[in-house]
Amino acid sequence: MLSRLLSPLIQAWKIPELRRKLLITLAILAVFRFIAHIPAPGIDRQKMLELFSGSQLLGLLDIFSGGTLANFSVMALGLNPYINASIMLQMLTIIVPSLETLSKEGEYGRNRINQITRVITVPLAALQAFGILALLKNQQILIAQSPLSVIGMVITMVAGTMLLMWLGELLTEYGIGNGISMIIFAGIIGRLPISLAQTASIADTANFQNILLFFIMSVAVIAGVVLVNEAIRKVSVQYAKRVRGSRLVGGQTTHLPLRVNQAGVIPIIFAVSLVLLPSMAGRFLSTLPNPAVSAFALWLSSAMNPNSLGYNLTYFILVIAFTYFYTAVIFDPAKIADEIKKYGGFIPGIRPGKPTADYLNYILTRITVAGALFLGLVAILPSIAQSVSGVATLTIGGTGILIVVSVVLETAKQLEATLVMRNYDKFL
């Protein structure tokens with residue numbers, strides 16, 4: 001497996017054009033990691049680190065920020081506003097007819113939708129910046145509390161998000177892989193040496209059997225992520241022979257690949273957005289003077305503690321529900337059935353049209369069970385790993401592992417496709 005992933009990279013380094021793209025990718029990631037350590041003003045950093053070290057929820061948000069939120073750098077918001085704007089626009093594309101029409105207009109439509117996404121990112125980033133600063137104020141972490149200082153910090157955080165988004169787009173255009181995914185990948189990998197150092201510092205007192213158990217679990221999870229991400233159900237599609245002019249075309253048999261994990265990591269992002277609300281509300285309500293409200297806030301915070309059964313069960317159910325929801329949004333069996341019918345194709349034993357759509361929906365509903373259960377287990381993996389192995393310093397989270405493995409596989413496939421295309425052009 002490792003040789004398969006490294007082989008395209010080694011071959012790409014020997015080609016000047018691809019070597020240039022690899023160097024540009026490394027340069028952009030180095031710039032990102034440098035700016036990620038430029039601190040934003042007005043924050044008590046020691047209290048900030050203590051807050052993040054004691055909260056798995058904030059640690060999960062730090063994953064999607066690319067590792068910049070815990071340091072509270074000028075890029076503290078990371079790519080969260082851009083990701084949220086992209087998800088919102090993707091949902092609106094299904095609902096709003098004008099956006100759906102725009103999405104079908106090829107390169108022009110994609111560029112327009114990207115521009116709208118950038119515009120939506122700005123108010124979302126400002127709103128999220130105000131929310132984070134309000135949370136830090138309640139935790140007595142915010143030092144500079146004057147209105148002018150708060151506005152300056154919000155502008156700084158919004159500008160950092162836009163700069164990070166620009167770096168991601170540069171990486172997508174001139175580098176290797178998807179820029180947004182690569183930046184999140186770099187943030188997760190950048191935190192790994194710190195976790196290893198923390199684990200080494202407690203190695204004298206920690207149980208080495210538990211650390212070994214943790215690494216075995218990590219390898220098993222990585223293997224599971226690769227297996228589920230690559231798993232597909234092949235549905236045979238046969239095309240009838242047709243006469244086009246004086247030629248007889250068609251008659252071939254192909255397959256329609258249905259992925260077990262159609263939704264990727266998006267359901268976990270949705271679920272995190274909802275599961276964070278009770279904890280955030282509990283932190284805010286606990287500061288109110290009303291005793292009844294404070295007692296309710298204390299109960300809410302206790303019930304939604306990341307280590308509690310209620311939190312993990314709610315998180316697991318939400319991930320499964322959002323997996324089915326997002327799969328239904330991005331995969332339309334009726335549309336696929338119409339496309340197959342339009343080009344003279346059919347599934348053997350199934351009539352074209354609505355019966356084909358029903359058959360595809362039948363298959364997709366059942367294979368999504370495996371993908372949804374897998375994503376649910378990945379989401380609650382930090383709690384399981386910590387309770388089984390007792391090692392908390394290395395738990396970067398199942399979501400982080402899922403992102404890292406997915407990005408590595410996607411980049412390796414892109415390199416392989418580029419190499420195949422280059423060899424094909426050279427042959428011609």
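The largest nonpolar core of this predicted model has 57 residues, and Leu79, Ile268 and Tyr315 have the most contacts inside it. A nonpolar core here is a set of buried Ala, Val, Leu, Ile, Met, Phe, Trp, Tyr and Cys residues joined through side-chain atoms within 4.5 Å. Buried means under 20% relative accessible area, exposed over 50%, and partly exposed in between, with a 1.4 Å probe and protein chains only. The largest share of the 57-residue core, eight residues, comes from helix α13. Apart from that core lies another, of 19 residues, which includes Ile43, Leu133, Leu136 and Met157.

The model is predicted, so local features need pLDDT of at least 70 and side-chain atom pairs count only at pLDDT 80 or more, whereas totals for chains, interfaces and linings use all residues. Residues are numbered from 1 along each chain as its sequence is written, and side-chain values use heavy atoms, with hydrogens and water left out.

The pLDDT, which is the predictor's confidence in each residue from 0 to 100, averages 76 over the protein chain, and 75% of the residues score at least 70. Confidence is lowest in strand β3 (residues 247-249), at a mean of 59, and highest in helix α15 (residues 354-379), at 88. Where pLDDT is low, the predicted coordinates should not be read in detail.

Helices (H or I, at least four residues) and strands (E, at least two) are DSSP runs, numbered from the N terminus. The expected span of a helix is 1.5 Å times one less than its number of residues.

| Helix | Residues in helix | First to last C-alpha | Expected span |
|---|---|---|---|
| α13 | 22 residues | 32 Å | 32 Å |
| α15 | 26 residues | 36 Å | 38 Å |

Among the buried residues of α13 are Tyr311, Tyr315, Phe322, Thr323 and Thr327.

Helix α15 bends by about 30° at Thr368, the bend being the angle between axes fitted to the seven residues ending there and the seven starting there. Thr368 counts as buried because its relative accessibility is 3%. Its side chain reaches the backbone oxygen of Leu364 at 2.5 Å. Thr368 also touches Val260, Thr323, Tyr324 and Thr327, not counting residues up to four places away in sequence; contact means heavy atoms within 4.5 Å.

Lys234 is found in strand β1 (residues 232-239) and counts as exposed because its relative accessibility is 53%. Lys234 touches His255 and Leu256, with residues up to four places away in sequence not counted. Lys234 and His255 are 21 residues apart in sequence, yet their C-alpha atoms are 5.6 Å apart in space.

Conventions: Polar contact = N/O pair within 3.5 Å; in protein donor to acceptor, adjacent residues only side chain to side chain.
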